[in-house]
Amino acid sequence: MKTMYAQSIIRNAAVYQWPSEQPQIMDVAIDKGLIVAVGDCSQYQAQQNFDATGLVLAPGFIDVHTHDDLEVLRSPHMLSKISQGVTTVIAGNCGISAAPYFQACAPVDPINLLGTKEQLIYPELGDYQRAFTLAAPSVNLAMLVGHTSLRAQVVEDLSQPANPDEIAQMKALLTQAMEQGALGLSTGLAYHNAKGSSIYEVNALAEVIKPFDGIYTTHLRTEFHGILDAMDEAFATAQHADVPLVISHIKCAGKENWGRAPEVLAHLNKQRKHQDIGCDCYPYAASSSTLDLNQVTKETDIFITWSETHPEMAQKNLQEIAAKWQMSLIDAARRLQPAGAVYHCMLEDDVKQFLSYEHSMIGSDGLPCDPHPHPRLWGTFPRVLGHYSHREQTLPLALAIHKMTALPAKQFKLEKRGQIKVGNFADLVLFDPTMVCDQATYSQPHLPAIGIDRVWVNGKLSYAGDADLASVVDYGRAGRFLNRTSKNN
Ligand code: ZN
Ligand code: CU
């Protein structure tokens, strides 16, 4: 038998391919950034050999919902994500993207979640791409264009719908970004700087992405009582423009809304017969964002993560702060602005229903700028695998992997990713299926997961879980900016 050569070979790994729930044991050979052989690689010799006996090999995880736009430039080793096995992040969600964006004034809410004015310096997506290449992050990134980012640059009064001239300017910015490789458009209609926009305005922007084969993702106008109407609005926009839709971080928020996951999913399933709709979710019963006065109620436990005006009140409950100041919750919240918060606003059973729904993807929605972030930033993917799949048996491991890999690659058209297949990019994660678990908690949110053994990005070994974390800098940082069509990568 002729001997073949490859850079790396991973031998005897368990590989899952949904809808089969049983793994196949196989070898995978990597060379020049690509998967070159799958199955029996006994005729191959490699410089690096990994014995994966007892471990699972999966395509690198795709975090479909992130706010890592600037984090990949600030902290290019991206330990928060690579330590979870994430090899690709989709940025620009919830209506906020770091490009195209440039403003002389401080970023408005919630663009301030991404970074400071000094860091938001990319008037064109092409400028951002050049910065990305220079920073050489360890993960791949694809970008959505945020509606609120467009609004903040051209709309005079953000509480109002854009006028025809402003819509034309936003369309021009969006067209240019799509030409420069953006994946699509995102909105965050629940946020007060986007809430005032008309359906006409959002429809007009969605039309722009159609000829580019773009995708529309949305943080619904409400995730509370009126969620079904908000979903209908999203369906209508995507249908109007004839583009695929992704509902971001699907949830039933607020006590009056608890237990409605089956109803929400039935509504989604019904509409899926008429148009292409996906959704993403994270594995926690608490949400997090900037402090929103509309969400301040006695029923929801609100934890303040940061406050610009009262930094001494960070990491305290709003109740406690209000008591201390001897004022109502809403007055205390007003006084803390601008601020960040974690809202314990969901029912665990609803979270499980969204997680186990066959067509939901996994997205962390992690907030890297938050000094005391929601644990989803460091814990999302291992938590789905370890806590929900392995321990709670909420969903089969094969389905959990599918939601993190093949499904998002297909939904977002990330070519040659998301599957272990000859010719695909070698984005891979090797993990211990019985050990893998999140460590980050609400009180200690920065702890890396355990059980993630090795991570490769574009064929480069980029993380080793057993090594001292500091040594990660010695590994490759081979992430690429993924254009809408990755053929030209
Ligand atoms: Zn959001
Ligand atoms: Cu988000």
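Which residues lie nearest the centre of the largest pocket? They are A190, Y191, T290, D292 and Q295, which belong to a lining of 34 residues. The structure is a predicted model, in which local features need pLDDT of at least 70 and side-chain atom pairs count only at pLDDT 80 or more, while totals for chains, interfaces and linings use all residues. Residues are numbered from 1 along each chain as its sequence is written, chains are lettered from A and ligands numbered from 1 in the order in which they are written, and side-chain values use heavy atoms, with hydrogens and water left out.

**Domains**

- The protein chain is divided into domain 1 (57-285 + 346-477 + 480-486) and domain 2 (286-345), with bounds that come from an automatic or database domain assignment.
- The C-alpha centres of domain 1 and domain 2 lie 25 Å apart, and 24 residues of domain 1 are in contact with 17 residues of domain 2, where contact means heavy atoms within 4.5 Å.

**The largest pocket**

- The volume of the largest pocket is about 570 Å³; a pocket is an open set of points on a 1 Å grid over the protein atoms alone, with protein on both sides within 12 Å along at least five of seven lines, and lining residues have an atom within 4 Å of a point.
- A volume is the space filled by probe spheres set on the points, and grid points are joined across faces, edges and corners.
- Because domain 1 and domain 2 both give residues to its lining, the largest pocket lies between them.
- Helix 6 (192-195), strand 15 (287-290) and strand 18 (339-344) are the elements that give two or more residues to this lining, and the largest share, 4 residues, comes from strand 15; helices (H or I, at least four residues) and strands (E, at least two) are DSSP runs, numbered from the N terminus.
- By class, the lining of the largest pocket holds 13 nonpolar, 13 polar and 8 charged residues, with Ala, Val, Leu, Ile, Met, Phe, Trp, Tyr, Cys and Pro counted as nonpolar, Asp, Glu, Lys and Arg as charged, and the others, Gly among them, as polar.

**Cavities**

- The whole structure has 4 cavities of 30 Å³ or more, a cavity being a set of grid points where a 1.4 Å probe fits but cannot get out.
- The largest cavity holds about 80 Å³ of space, and its lining has 9 nonpolar, 1 polar and 2 charged residues, with the largest share, 4 residues, coming from helix 12 (residues 348-356).
- The second largest cavity, with a volume of about 60 Å³, is lined by L183, D213, I215, P244, Q411, F412, K413 and R484.

- An open sheet of 8 strands has the order 6-7-10-11-12-13-14-19 with parallel pairing, where two strands pair if DSSP finds at least two bridges between them.
- Strand 6 (61-63) and strand 19 (360-362) stand at the edges of this sheet, each with a single partner strand, so one side of each is left without a neighbour in the sheet.
- Strand 6 is joined to strand 7 (residues 86-91) by 3 bridges, and F61 stands opposite V86 in strand 7.
- Another open sheet, of 4 strands, has the order 15-18-16-17 with antiparallel pairing, and its edges are strand 15 and strand 17 (316-317).
- Strand 16 (residues 301-307) and strand 17 are joined by 2 bridges, and the bridge partner of I304 in strand 17 is K316.
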